[in-house]
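Please look through the sequence and the model before reading the points below.

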Amino acid sequence: MIKKRRNTSQKEAIAKILSASIRPMTACEIYRAGRKSPVSPDRSTIFRNLKSLLSSGRILKIKHPNIGTAYRLNNGIHCHYFYCKKCKKTIELPGCCINYKGFLPKGYTAEEHEVFLYGTCKSCV
């Protein structure tokens with residue numbers, strides 16, 4: 001039997017925070033942003049709801065090389081990321097620049113990937 005998951009006000013608050021962000025956010029950043037909302041979930045609620053939102057596919061987990069685990073709303077658009085080494089901002093780059101055909105050795109199957117480009121953003125140049 002599939003357990004139906006409820007859409008709680010805390011889950012909706014987290015989804016709203018992530019949808020308003022132009023970049024992936026850490027759990028601590030989500031917690032700080034949530035403190036400003038009327039729902040104001042505590043840390044354990046944030047982590048419990050992130051886990052639930054991940055398992056339902058509403059959000060995605062990003063392994064950010066500089067800030068650790070971050071999350072973003074799953075809008076169905078695959079993207080890569082650009083990290084500015086000067087101002088430390090991360091932006092999403094919609095789409096994919098990787099073509100696996102002819103790249104992987106014979107018999108290998110790619111299941112997923114994450115790409116981070118590093119450099120200087122236009123504001124820092």
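How many disulfides does the count come to? The count comes to zero, where a disulfide is a pair of cysteine sulfur atoms within 2.5 Å. The model is predicted, so local features need pLDDT of at least 70 and side-chain atom pairs pLDDT 80 or more, while totals for chains, interfaces and linings use all residues. Residues are numbered from 1 along each chain as its sequence is written, and side-chain values use heavy atoms, without hydrogens and water.

**Cysteines**
- The closest cysteine sulfur to that of Cys 79 is in Cys 96, at 9.9 Å, which is too far for a bond.
- Cys 79 is buried at 7% relative accessibility, where buried means under 20% relative accessible area, exposed over 50% and partly exposed in between (1.4 Å probe, protein chains only).
- Cys 28 is partly exposed, with a relative accessible area of 38%.

**Helix H2**
- Helix H2 covers residues 27-34; helices are DSSP runs (H or I) of at least four residues, and strands (E) of at least two, numbered from the N terminus.
- Its buried residues are Ala 27, Glu 29, Ile 30, Tyr 31 and Gly 34.
- The cover over these buried residues includes helix H1 (9-20), helix H3 (43-56) and strand S2 (68-73).

**Glu 29**
- Glu 29 counts as buried because its relative accessibility is 17%.
- Its side chain reaches the backbone nitrogen of Thr 26 at 2.8 Å.
- Leaving aside residues up to four places away in sequence, Glu 29 touches Arg 23 and Pro 24, contact meaning heavy atoms within 4.5 Å.

**Leu 104**
- Leu 104 lies in the loop between strand S4 (90-94) and strand S5 (116-119).
- At 30% relative accessibility, Leu 104 is partly exposed.

Definitions and conventions:
A polar contact is a pair of N or O atoms within 3.5 Å; within protein, one must be able to donate a hydrogen and the other to accept it, and residues adjacent in sequence count only if both atoms are side-chain atoms.
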